[in-house]
Amino acid sequence: MSERAIPEDIAKLSYEQAREELVSVVTQLETGGAPLEASLALWERGEALAAHCENWLGGVSERLEQARSRSTETSG
């Protein structure tokens with residue numbers, strides 16, 4: 001997913017909070033029944049939540065890789 005601006009209210013969420021809200025958004029979209037405009041807003045929010053979660057996981061992955069590199073350097 002490309003990097004784009006994450007709305008401030010989403011950017012403040014922890015990974016767990018964003019993931020829980022994303023699950024809720026997906027559930028609402030899957031059940032249907034919402035007007036088109038509301039569904040579009042939910043979809044856009046879901047995309048932003050997914051991007052935020054992806055950014056969190058990318059950051060964690062990067063930190064783990066750095067820790068592994070430091071560990072290899074000090075033990076090697």
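Is Asn55 buried, partly exposed or exposed? Asn55 is partly exposed, with a relative accessible area of 36%, where partly exposed lies between buried, under 20% relative accessible area, and exposed, over 50%, as found with a 1.4 Å probe on protein chains only.

The model shown in these views is predicted, so that local features need pLDDT of at least 70 and side-chain atom pairs count only at pLDDT 80 or more, while totals for chains, interfaces and linings use all residues. Residues are numbered from 1 along each chain as its sequence is written, and side-chain values use heavy atoms, with hydrogens and water left out.

**View 1. Helices α2 and α3 cross each other.** Helix α2 covers residues 15-31 and helix α3 covers residues 36-75; helices here are DSSP runs of H or I with at least four residues, numbered from the N terminus. The axes of α2 and α3 come within 9 Å and cross at roughly 150°, where axes are lines fitted to C-alpha atoms over the stretch in contact, and angles run from 0 to 180 degrees between N-to-C directions. The two helices, α2 and α3, are therefore roughly antiparallel to each other, a term used for angles over 145 degrees. The crossing of α2 and α3 is left-handed, which means that the near helix is turned anticlockwise from the far one by less than a right angle.

**View 2. Residues of α2 meet residues of α3.** On the α2 side the contact includes Tyr15, Ala18, Leu22 and Val25, and on the α3 side it includes Leu42, Trp43, Leu49 and Cys53, with contact taken as heavy atoms within 4.5 Å. The residues of this contact divide into 12 nonpolar, 4 polar and 3 charged.

**View 3. The largest nonpolar core has 11 residues in all.** Among them are Ile6, Ile10, Leu13, Tyr15, Ala48 and Ala51, and such a core is a set of buried Ala, Val, Leu, Ile, Met, Phe, Trp, Tyr and Cys residues joined through side-chain atoms within 4.5 Å. The elements that give two or more residues to this core are α2 and α3, and α3 supplies the largest share, 5 residues. In soluble globular proteins, nonpolar side chains tend to be buried together.

View 4. Pro7 is found in the segment before α1 (8-11), and Pro7 is partly exposed, with a relative accessible area of 36%.

**View 5. Asn55, Leu40 and Glu20 lie in helices.** Asn55 lies in α3, and its C-alpha is 9.2 Å from that of Tyr15, although Asn55 and Tyr15 are 40 residues apart in sequence. Leu40, also found in α3, is partly exposed, with a relative accessible area of 41%. Glu20 lies in α2 and is exposed, with a relative accessible area of 53%. Leu40 and Glu20 are 20 residues apart in sequence and 19 Å apart in space, C-alpha to C-alpha.

Notes:
Angles under 35 degrees count as roughly parallel, over 145 as roughly antiparallel, 65 to 115 as roughly perpendicular and the rest as oblique. Ala, Val, Leu, Ile, Met, Phe, Trp, Tyr, Cys and Pro count as nonpolar, Asp, Glu, Lys and Arg as charged, and the others, Gly among them, as polar.
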